[in-house]
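Subject: Structure handover

Hello,

Here is the structure we talked about. Have a look at it first, then read my notes below.

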Amino acid sequence: MIKLKPFTNSDYDRLINWIDSEHLMHVFSATIFNYPITHAQLDEYLKEPNRIVYKVIDINSNEIIGHAELNNINKSNKSARICRVLVGDKNERNKGFGKLIINELVRIGFEEMKLHRIDLGVYDFNRNAIKCYKNCGFEIEGLLKENTKIGNQYWSTYNMSILNKRNKYARN
């Protein structure tokens, strides 16, 4: 079991310590940060008005184990995007926390925010994340081929989405 609480400047150092390589930073955040992540970058990150950033807390241990975000919140379209999900504590990875985080973000989006659609992007090589998202009900909509340049490489991104089937306007 997990709970999501607002991510604040008191959480900066923990996140910075979790992102211990440039590769992990890009998998986590694409190109919005420069490595190493700094307090100044995180200050700017939190200023985005259509972004809700969370720390993830393991209810059993009361330890902060991760990070997650809802972004591109569009009230008129009733949509948002899940971004920057990370089980930061390496000892807590591959224990099912990713699925718990995604399901909680979907619950917040659909039940609390009354959204119709939630989507996300995931690099095509991140097979564990793709499997997790599929297990949470997300479907692949398409592949954006070589859409992100990281160093001298181009990475391709799957766009995945889930619709709120309880919404009377949703198509079945």
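Strand β2 (residues 52–58) runs antiparallel to strand β3 (residues 63–74), and seven bridges join them. Two strands pair if DSSP finds at least two bridges between them. Helices (H or I, at least four residues) and strands (E, at least two) are DSSP runs, numbered from the N terminus. Isoleucine 57 sits opposite isoleucine 64 in β3.

A word on the source. This is a predicted model: local features need pLDDT of at least 70, side-chain atom pairs count only at pLDDT 80 or more, and totals for chains, interfaces and linings use all residues. Residues are numbered from 1 along each chain as its sequence is written, and side-chain values use heavy atoms, leaving out hydrogens and water.

Now the sheet. It is open, with seven strands in the order β1-β2-β3-β4-β5-β7-β6 and mixed pairing. β1 (2–6) and β6 (139–150) are the edge strands, each pairing on one side only.

Next, two helices. α4 (residues 97–112) and α5 (residues 127–135) pack at about 50°, axes 9 Å apart. Axes are lines fitted to C-alpha atoms, for helices over the stretch in contact, and angles run from 0 to 180 degrees between N-to-C directions. α4 and α5 are therefore oblique to each other (under 35 degrees is roughly parallel, over 145 roughly antiparallel, 65 to 115 roughly perpendicular, the rest oblique). Gly98, Lys99 and Ile102 of α4 meet Cys132, Tyr133 and Asn135 of α5; contact means heavy atoms within 4.5 Å.

Best wishes
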